[in-house]
Amino acid sequence: MLRSLRSDDLEISCRPDWLIAFAQDFQHRFTSLLGYSFREMPIPLALALLDPKSQLKNAILTKPDMELLFSPYDIKRLEGYSKNMIDFHVIMDMLPAVSKLFFTKRLGMDMSPAQCSILLAMGLQYKTVDDISMDLNLPVNQLLALFAKSMRKVVRFLRDLQTKDAQSEISAKISGKSAPPKKSAPIAQDYEDPVEEDQNGDDANGDDNDESEEPHPSVVASGKKSPKKVHQEAIEDLLSEKVPTTVSVKRTIIDSGDAAIKFRKTGGGRGRGRGGRGRGRGGRGN
């Protein structure tokens, strides 16, 4: 319909891609108005204006965009219709979005002129199947068969889109796991093991303190050792002493005769004596 002219002689030159942007804007607005002002427009004329075979290219539909337009239940309904499990009335609410995506070149697929006409009339002009059958001179059964075939193409495209996105996510995770960890830059200050610090920290600190701290001049003059030096020598003497590995325990053997005597002197003898007294008193009573 339109053709860009040479504008080299103009003071303000136009962008070379202005015609493509104009055609894309026309497609977007015309597909939205087909259900209102242009609803009674003949199907062949509307199809010629949209021109499905044109070379205009838009960005192909992505998974985030698909998730904004269709829910997982919508995809299930489309699959059910493509498998002849449900009637076409169940997916009528999705036809405007599907038709607009197709005619704006976002699905990246081609259809026959009959399929394009049916999709335009049902999805954009909101016509009934009987009206479309009269306009296109097609039986209703043949019309619905062509429509089901076009929906199978749409479902196949959406499923391939989900599969490719899942494969890219899996490959990204695998590549992230297999990649070697990045080496951090070396630190200028040396790092010491905390376990070694606990084991050797006291001795190292003690030696450093002894070497760094000098005794008072009065202590050096008197010839006496500093208290810290005396304390350290006492600890070294204690550590140098050998700790006995065996312990001797004294054992006393008690004779049986001595044990019997001790038992009589304590409680055993008293109990027997009291018993004897009781028996004697009992004899007196008798």
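A residue counts as buried at under 20% relative accessible area, as exposed at over 50%, and as partly exposed in between (1.4 Å probe, protein chains only). What you have here is a predicted model, where local features need pLDDT of at least 70 and side-chain atom pairs count only at pLDDT 80 or more, while totals for chains, interfaces and linings use all residues. Residues are numbered from 1 along each chain as its sequence is written, and side-chain values use heavy atoms, with hydrogens and water left out.

**Glu79 and its partner**

- Glu79 sits in helix 4, which runs over residues 72–82; helices here are DSSP runs (H or I, at least four residues), numbered from the N terminus.
- Leaving aside residues up to four places away in sequence, Glu79 touches Val155 and Arg159, where a contact means heavy atoms within 4.5 Å.
- With Arg159, Glu79 also makes a salt bridge at 2.1 Å, N to O; the term means a side-chain nitrogen of Lys or Arg within 4 Å of a carboxyl oxygen of Asp or Glu.
- That pair links distant parts of the chain, with Arg159 in helix 8 and Glu79 in helix 4, 80 residues apart.
- Arg159 itself is partly exposed, at 29% relative accessible area.

**The other salt bridges**

- Side chains of opposite charge can pair when their charged atoms come close.
- The count for this model comes to seven salt bridges.
- One of them joins Asp165 to Lys63, with the closest N and O atoms 3.3 Å apart.
- Asp165 lies in helix 8 (residues 140–178) and Lys63 in helix 3 (residues 63–69), so this pair ties together parts 102 residues apart in sequence.
- Both ends are partly exposed: Asp165 has 23% relative accessibility, and Lys63 has 21%.
- Another bridge pairs Arg106 with Asp65 at 3.2 Å, N to O.
- Arg106 is in the loop between helix 5 (95–103) and helix 6 (113–123), and Asp65 is in helix 3, so parts 41 residues apart in sequence get tied together.
- Arg106 is partly exposed at 22% relative accessible area, and Asp65 is partly exposed at 26%.

**Over in helix 1**

- Ala21 belongs to helix 1, residues 18–33.
- At 37% relative accessibility, Ala21 comes out as partly exposed.
- Ala21 and Leu56 are 35 residues apart along the chain, and their C-alpha atoms are separated by 9.4 Å.

Definitions and conventions
Helices (H or I, at least four residues) and strands (E, at least two) are DSSP runs, numbered from the N terminus.
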